[in-house]
Amino acid sequence: STGDLIPLSQGMLLINQKQEWKPLCAVKFSNSLATNVCRYMGWPSGIKYDLIDTHDSPLNETVETQVQGRSSSCYHVNIECEDDNCGARPMYRNLPSSTPAPLSGPGSWPWHANFFNEGEYVCGGSIVHKVFVLTDLSCAKMVVQAGSFITVLVGQEKRTNVGLGPYSQLRIVVSLKVVQGSTVVLAQMDRMLEFNDHVNQLCLSEEAWTPSDSCVMSGMAG
């Protein structure tokens with residue numbers, strides 16, 4: 001088949017040759033190469049890799065393997081990458097280091113979340129875990145006062161009256177808890193988010209942290 005594949009943190013390595021995806025067939029592999037491949041796909045590093053005989057490969061019956069100009073004893077490669085990719089914009093993982101990611105548009109702020117009550121937008125928050133969104137106490141109070149059916153919408157940068165966007169994810173909020181001694185509130189969702197190019201989490205520092213001179217406020221446009 002043709003088109004782009006979604007880079008997952010674990011699975012069989014494929015390469016695109018002449019607009020067709022085929023399994024990589026390698027004579028040898030290495031940990032450093034696995035890390036380079038993982039970083040290319042937007043993951044921090046590689047964890048491990050396995051060389052699988054083509055006859056035992058799960059791709060053997062579904063994808064035709066062609067070995068050209070090399071030994072016929074090559075192997076398919078199963079790779080596992082570290083998937084804790086907080087604070088990254090996966091859609092722009094392959095931008096040159098000298099080119100900043102855009103400040104608006106799809107995938108620019110993948111950790112931004114939007115609180116709704118009874119279908120009406122109330123305020124925003126930040127994804128910090130697959131089941132938790134962080135917000136401020138003032139936002140949480142407005143959300144509770146607006147009604148009883150609270151939801152979180154992520155992966156959608158613009159408001160629309162014609163339904164959800166193609167990359168949106170909607171979750172029901174099951175609890176709102178204030179972090180002791182602060183005005184920070186954690187909203188727990190009914191099920192995990194799926195992290196991808198449009199949805200990701202912010203990093204939470206375990207140490208004291210001071211914002212840089214350049215700060216950005218994100219929100220839903222429209």
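**Entry 1: Cys25 and Cys74**

I started with the disulfide that joins Cys25 to Cys74, with an S to S distance of 1.9 Å; a disulfide here is a pair of cysteine sulfur atoms within 2.5 Å. The torsion about this S-S bond is about 80 degrees, so the link is right-handed. I then looked up where the two ends sit: Cys25 is in strand E4 (residues 25-26) and Cys74 is in the loop between strand E5 (46-53) and E6, so that distant parts of the chain, 49 residues apart, are linked. Helices (H or I, at least four residues) and strands (E, at least two) are DSSP runs, numbered from the N terminus. Cys25 is buried at 8% relative accessibility, and Cys74 is buried too, at 3%. Buried means under 20% relative accessible area, exposed over 50% and partly exposed in between, with a 1.4 Å probe and protein chains only.

A reminder to myself: this is a predicted model, in which local features need pLDDT of at least 70, side-chain atom pairs count only at pLDDT 80 or more, and totals for chains, interfaces and linings use all residues. Residues are numbered from 1 along each chain as its sequence is written, and side-chain values use heavy atoms, with hydrogens and water left out.

**Entry 2: the other links**

How many disulfides does a search of the whole structure find? I got four.

Next I took the disulfide between Cys38 and Cys81, at 2.0 Å from S to S. This link is left-handed, with -80 degrees about the S-S bond. Cys38 belongs to helix H1 (residues 31-40) and Cys81 to strand E6, so the pair ties together parts 43 residues apart in sequence. I found Cys38 buried at 0% relative accessibility and Cys81 buried at 3%.

Then I checked Cys123 and Cys139, a disulfide with its sulfur atoms 1.9 Å apart. The link is right-handed, with 80 degrees about the S-S bond. Cys123 is in strand E8 (residues 120-129) and Cys139 in helix H2 (residues 137-145), so parts 16 residues apart in sequence are tied together. Cys123 is buried at 8%, and Cys139 is buried at 5%.

I also noted the pairing: with the bonded cysteines numbered in sequence order, it reads 1-3, 2-4, 5-8, 6-7.

**Entry 3: His76**

While on strand E6 (residues 75-81), I stopped at His76, which lies in it. Is His76 buried or exposed? It is buried, with a relative accessible area of 0%. Its side chain makes a polar contact of 2.6 Å with the side chain of Ser57. A polar contact is a pair of N or O atoms within 3.5 Å; within protein, one must be able to donate a hydrogen and the other to accept it, and residues adjacent in sequence count only if both atoms are side-chain atoms.

**Entry 4: the cores**

I finished with the largest nonpolar core, which has 17 residues; Phe115, Ile127, Val133, Val143, Val152 and Val154 have the most contacts inside it. Such a core is a set of buried Ala, Val, Leu, Ile, Met, Phe, Trp, Tyr and Cys residues joined through side-chain atoms within 4.5 Å. At least two of its residues come from each of strand E7 (112-117), E8, H2, strand E10 (150-154) and strand E12 (184-189). A second, separate core of ten residues includes Leu13, Ala26, Ala34 and Cys81.
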